[in-house]
Amino acid sequence: MENCIFCKIVEGTIPCNKVYEDEHVLSFMDINPINKGHLLVIPKKHYQEVKDYDEETGKFLFNAAVKIEKALRNVKGIKLEGTSFVIANGKAAGQEVFHSHLHIIPRYEHDNMTLKITRNEKPTAEELKMLADLINKEIK
Ligand code: AMP
């Protein structure tokens with residue numbers, strides 16, 4: 001994809017600090033980390049969002065992410081008491097680079113990374129059940 005910074009990283013025309021690579025997936029350090037060790041895992045093929053993935057991409061991406069996360073835990077000098085996996089799908093969700101990517105962020109108590117949460121909904125038990133059924137019906 002022309003003018004996509006992550007496609008250029010995949011092609012090698014823009015440098016990155018590579019962590020992992022296989023046929024389908026590339027992982028590299030985030031250039032502007034939230035915490036030390038923050039990295040990205042991307043499908044090599046250009047997909048804007050998760051909704052655009054083909055059948056296999058999610059598997060490849062998540063399998064690689066699980067491997068990388070386990071490895072990250074063994075690296076000395078990275079403060080890691082937990083991790084956050086984050087994917088922003090679309091501008092409204094905070095996506096800035098429109099080549100889908102999974103953030104793996106090392107976390108520790110009081111690291112000040114907050115996802116400011118406002119609960120916009122207060123569903124009844126009935127509404128929750130209804131929503132679950134509606135979503136389930138849409139799963140192909
Ligand atoms: P998002 O808001 O989920 O789209 O996040 C995009 C992420 O990509 C940010 O955390 C950036 O710091 C990171 N980023 C942007 N350009 C580069 C780059 N050239 N190399 C590594 N990370 C990058």
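1. A salt bridge here is a side-chain nitrogen of Lys or Arg within 4 Å of a carboxyl oxygen of Asp or Glu.

2. A word on the source: this is a predicted model, where local features need pLDDT of at least 70, side-chain atom pairs count only at pLDDT 80 or more, and totals for chains, interfaces and linings use all residues. Residues are numbered from 1 along each chain as its sequence is written, and side-chain values use heavy atoms, leaving out hydrogens and water.

3. Where do D133 and K129 lie? Both are in helix α3 (residues 125-138), 4 residues apart, about one turn of the helix. Helices (H or I, at least four residues) and strands (E, at least two) are DSSP runs, numbered from the N terminus.

4. Now look at E21 and K44, whose side chains form a salt bridge of 2.8 Å, N to O. E21 sits in strand β1 (residues 18-21) and K44 in the loop between β3 (39-43) and α2 (57-72), so this pair ties together parts 23 residues apart in sequence. E21 is partly exposed at 38%, and K44 is partly exposed at 22%.

5. K59 and E56 also form a salt bridge, at 3.6 Å from N to O. K59 is partly exposed at 46%, and E56 is partly exposed at 33%.

6. By the salt-bridge rule, the count comes to 7.

Conventions
Buried < 20%, exposed > 50% of the residue type's maximum accessible area, 1.4 Å probe, protein only.
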